[in-house]
Amino acid sequence: MKRILVTGGAGFIGSHLCERLVKNKDEVICADNLFTGTKRNILHLMDYKNFEFLRYDITKELYVEVDQIYNLACPASPIHYQYDPIQTTKTSVMGAINMLGLAKRVHARILQASTSEVYGDPRVHPQTEDYWGNVNPIGIRSCYDEGKRVAETLFFDYYRQHHVDIKVIRIFNTYGSHMNMNDGRVVSNFIVQALKGQDITIYGDGKQTRSFCYVDDLVDGMYRMMNSREDFTGPVNLGNPEEFTMLGLAQEVIDLTESDSRMIYKPLPQDDPIRRKPDIKLAQEELDWYPEISLEDGLKKTIAYFKELVV
């Protein structure tokens with residue numbers, strides 16, 4: 001049994017990770033300030049003796065004894081991270097410093113949940129881990145993009161200077177149950193609009209692409225990375241390499257929900273990437289990981305979850 005801290009543990013991905021660890025019989029401390037996370041996501045874990053919830057903001061220091069730290073705390077959707085961009089940057093940067101300091105003190109292994117946004121609007125396709133990215137440092141998305149890039153810098157500096165045991169993953173678009181209904185992410189947007197019979201909003205011409213990984217697959221990749229060999233630090237891409245246009249995704253959602261929704265078009269937001277697809281050869285080689293859940297099957301599960309919230 002390990003004692004494990006999950007920051008952002010009441011959020012979308014964090015709550016699924018906590019469930020995986022609790023059922024694995026590990027002792028789990030879920031830390032979350034509930035800015036975007038919610039207790040509803042972790043209510044089913046409260047009765048487990050090996051689960052503890054701590055309302056906490058990682059921009060402040062934390063003193064606990066743990067063996068592993070998963071650092072997921074940070075608003076991840078544009079609506080939320082642009083609401084208070086300065087706090088978003090603080091969460092990424094000061095949060096990384098505080099969690100790395102904790103890992104250094106207690107000799108814990110620490111995993112950073114970074115993001116495909118570190119690649120910006122990429123000029124390399126698909127994106128490999130050795131690509132340095134094409135990021136606007138002063139745009140409306142920069143608080144998140146650059147915050148995560150600095151967090152990665154801190155992780156590798158702590159690794160080189162203080163020999164902290166680090167792991168870094170870069171998460172590509174992920175979806176599934178426990179997503180916030182109003183978080184502005186494309187999958188939740190499309191599903192909620194379709195279930196309500198509203199027009200489905202397409203930004204730009206809808207030909208921009210993303211790859212969509214179901215949350216169970218992602219959590220499995222995170223777990224494998226945390227427990228991989230000591231000298232493999234990453235960064236490593238975790239995502240589904242199948243590429244879909246926004247138009248294709250919208251049509252799939254309409255078909256699966258049997259909705260009468262129409263598609264309407266709005267201007268593309270500033271710095272919104274045109275193409276996004278992970279190269280996951282490294283994850284396959286080092287972690288023996290490949291996403292198994294198809295977009296259709298994942299969407300069916302996600303639609304079933306949102307039906308309970310919408311209807």
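Glu117 is buried, with a relative accessible area of 12%; buried means under 20% relative accessible area, exposed over 50%, and partly exposed in between (1.4 Å probe, protein chains only). This is a predicted model, in which local features need pLDDT of at least 70 and side-chain atom pairs count only at pLDDT 80 or more, while totals for chains, interfaces and linings use all residues. Residues are numbered from 1 along each chain as its sequence is written, and side-chain values use heavy atoms, with hydrogens and water left out.

**Salt bridges**

Glu117 forms a salt bridge with Arg141, and their closest N and O atoms are 2.9 Å apart. A salt bridge here is a side-chain nitrogen of Lys or Arg within 4 Å of a carboxyl oxygen of Asp or Glu. Both Arg141 and Glu117 lie in the loop between strand S5 (109-115) and helix H4 (142-162), so the pair ties together parts that are 24 residues apart in sequence. Helices (H or I, at least four residues) and strands (E, at least two) are DSSP runs, numbered from the N terminus. Arg141 is also buried, at 7% relative accessibility.

A search of the whole structure finds 17 salt bridges. Three of them are set out below.

| Pair | Closest N to O distance |
|---|---|
| Arg141 and Glu117 | 2.9 Å |
| Asp220 and Arg20 | 3.4 Å |

The salt bridge between Asp220 and Arg20 links distant parts of the chain: Asp220 is in helix H6 and Arg20 in helix H1 (residues 12-23), 200 residues apart. Arg20 counts as partly exposed, at 29% relative accessibility. Arg20, Asp220 and Arg224 are linked in a network of salt bridges.

**Helix H9**

Glu296 and Lys300 both lie in helix H9, 4 residues apart, about one turn of the helix. An α-helix has 3.6 residues a turn, so residues three or four places apart point the same way. Glu296 is partly exposed at 37% relative accessibility, and Lys300 is partly exposed at 42%.

Helix H9 covers residues 295-310, and its 16 residues should span 22 Å at 1.5 Å a residue; the end C-alpha atoms are 21 Å apart, which agrees. The expected span is 1.5 Å times one less than the number of residues. The buried residues of H9 are Leu295, Gly298, Leu299, Thr302, Ile303, Tyr305 and Phe306. Seen down the axis of H9, these residues fall within an arc of 165°, so they line one face of the helix; the arc is that of the directions from the helix axis to the C-beta atoms. The elements that cover them include strands S7 (174-175), S10 (213-214) and S12 (244-245), along with helices H5 (186-195) and H7 (246-257).

**Buried residues and their contacts**

His80 is in helix H2 (residues 78-81) and is buried, with a relative accessible area of 16%. Not counting residues up to four places away in sequence, His80 touches Phe35, Thr36, Pro75, Thr88, Asn180 and Asp183, where contact means heavy atoms within 4.5 Å. The C-alpha atoms of His80 and Gly184 are separated by 8.4 Å, and the two residues are 104 residues apart along the chain.

Ser228 lies in the loop between helix H6 (215-226) and strand S11 (236-238). Ser228 is buried, with a relative accessible area of 11%. Leaving aside neighbours within four places in sequence, Ser228 is in contact with Arg109, Lys167 and Leu287.

**Backbone features**

Most residues other than glycine have a negative phi, and most peptide bonds are trans. The peptide bond from His125 to Pro126 is cis, with omega near -10°, and Pro126 is in the loop between S5 and H4. The bond from Gly234 to Pro235 is also cis, with omega near 5°; Pro235 is in the loop between H6 and S11.

His178 is not a glycine but has a positive phi of about 80°. His178 is found in the loop between S7 and H5 and is buried, with a relative accessible area of 14%. Asp288, in the loop between H8 and H9, has a positive phi near 55°. Asp288 counts as exposed, at 62% relative accessibility.
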